Amino acid sequence: MDNTDPFHILALDGGGTRGIYTAQLLAKIEQAFGINIKTCFDLITGTSTGAIIAGAAISDIPMTDIVELFETETPYIFQRRWYRIPLFLSKYPSEQLAQVIAKHIPATPLNEIATPLMITSSEIAKSEVHIFRSNYGGHDSEIAPTSKEVCLRDAILASCAAPTFFAPKSLDNLLLADGCLWANNPSTIAATEALSVFRKEASEVRMLSIGTGHSTNMYRQRRGWGFITGWGGVKLTSYVMTLQAQASAHTAKLLLKGNYLRINPEIDRWAIDTLTQLDNLKSLAERDFEKHAAEIEVFLGI
């Protein structure tokens, strides 16, 4: 690529079942412009549910297929244990998630993937950030350097291991959990990668960042603020994810100025394992595509 050409980045947030919004928005882009998502971007990065979509994109899987995955497979993934003891077991068994990923995503080693891909995770034993990278063709990074000998499926499973929802993923003597703990919105690390590893100037970078919904009704004033009574237990995870996503978006916007396009709908207090709002999220994606279609077309130079 000539250094004067725009360097396009796709950054995809985590958010559990709310990822159907992202998949539907990308499906509308593919259908309306007659393109393949992979061919439009020089770097694709995703966290958790965004990692599933990013992995599908670089594997040439149509986004309509991923929308269908959310519609048909999430009731199986988020099927609660009938015998669960909350203090001792994760909310959902990881085996069901692993089966769905194996069914839909190829087991391609990261070092055989030419399209630049970043998937975020967290190494919880050492309290370190962890990034899975594909084969950048000679590029390397000092920012959370990782082995490229892991397969795509395992990287996605590690990125999806949300605390309390799924057990951590054990991989290469590491104990890995969801990237949402530090990069639910991976915009900032994607911009850093473009500037440091790909040696781009901020003015050359164009980033499309897609969220999975910003809740406008998370908390209300109340008397008790215990872990369960006030903070809402697992709701606190969603709250932290939302804060990180906002902080990353603001930082990326300041860094890239007008070259950062963030699309993230306002939603009610929908948990990351909700199964009742899939149709609503698809409708929001279709609405937002119509709203931003012209901007997306210019932004990507389609």
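Reader: Which residues lie nearest the centre of the largest pocket, and how many residues line it?

Author: This is a predicted model, so keep that in mind throughout. The largest pocket has 23 lining residues, and His-214, Gln-246, Arg-262, Asn-264 and Pro-265 are the ones nearest its centre.

Reader: How much space lies in the largest pocket?

Author: About 400 Å³.

Reader: And which elements give two or more residues to its lining?

Author: Those are α8 (235–256), β9 (260–263) and α9 (278–300). The largest share comes from α8, with seven residues.

Reader: What's the split into nonpolar, polar and charged for that pocket lining?

Author: Ten polar, eight charged and five nonpolar.

Reader: OK, switching to cavities. How many of 30 Å³ or more does the structure hold?

Author: One. The volume of the largest cavity is about 190 Å³. It is lined by 19 residues, and Gly-16, Thr-49, Phe-78, Cys-160 and Phe-166 are the closest to its centre.

Reader: Which elements give two or more residues to that lining?

Author: Helices α2 (49–58) and α3 (63–77) do. The largest share is from α3, at four residues.

Reader: And how do the cavity's lining residues divide by type?

Author: Twelve are nonpolar, six are polar and one is charged.

Reader: Let's talk salt bridges. How many does a search of the whole structure find?

Author: Eight. One of them joins the side chains of Glu-73 and Lys-103, at 3.0 Å from N to O. Glu-73 sits in helix α3 and Lys-103 in helix α4 (residues 94–104), so to speak distant parts of the chain, 30 residues apart.

Reader: Are those two buried or exposed?

Author: One of each. Glu-73 has 9% relative accessibility, so it counts as buried, while Lys-103 counts as exposed because its value is 61%.

Reader: What does Lys-91 form a salt bridge with?

Author: Asp-273, and the closest N and O atoms are 2.7 Å apart. That pair links distant parts of the chain, 182 residues apart: Lys-91 is in the loop between α3 and α4, and Asp-273 is in the loop between β10 and α9.

Reader: Why does Lys-91 count as buried?

Author: Because its relative accessibility is 10%, and the cut-off for buried is under 20%. Asp-273 counts as buried too, at 11%.

Reader: Where do Lys-169 and Asp-154 lie?

Author: Lys-169 is in strand β5 (residues 169–171) and Asp-154 is in helix α5 (residues 152–160), so their pairing ties together parts 15 residues apart in sequence. Their side chains meet in a salt bridge at 3.5 Å, N to O. Lys-169 is partly exposed at 23% relative accessibility, and Asp-154 is partly exposed at 21%.

Reader: Back to that loop between β10 and α9. Is Thr-276 buried or exposed?

Author: Exposed, because its relative accessibility is 64%. Thr-276 does lie in the loop between β10 (266–267) and α9.

Reader: How many residues apart along the chain are Thr-276 and Thr-17?

Author: They are 259 residues apart, and their C-alpha atoms are separated by 9.7 Å.

Reader: Last topic, the surface. Which residues make the nonpolar patch?

Author: Ile-124, Leu-175 and Leu-181 make a nonpolar surface patch of about 230 Å². Ile-124 is placed in the loop between β3 (117–123) and β4 (128–133). At 35% relative accessibility, Ile-124 counts as partly exposed.

Notes. Residues numbered from 1 in each chain as written. Predicted model: local features only at pLDDT ≥ 70, side-chain atom pairs only at ≥ 80, totals over all residues. Heavy atoms only, no water. Patch = residues over 30% accessible without salt bridge, like charges linked within 9 Å, V, L, I, M, F, W, Y side chains within 5 Å. Areas by Shrake-Rupley, 256 points an atom, 1.4 Å probe, with all protein chains shown as cover. Salt bridge = Lys/Arg side-chain N within 4 Å of Asp/Glu carboxyl O. Buried < 20%, exposed > 50% of the residue type's maximum accessible area, 1.4 Å probe, protein only. 1 Å grid on protein atoms, 1.4 Å probe; cavity = no way out; pocket = protein on both sides within 12 Å on 5 of 7 lines; lining within 4 Å. Points joined across faces, edges and corners; volume = space filled by probe spheres on them. Nonpolar A, V, L, I, M, F, W, Y, C, P; charged D, E, K, R; others polar.
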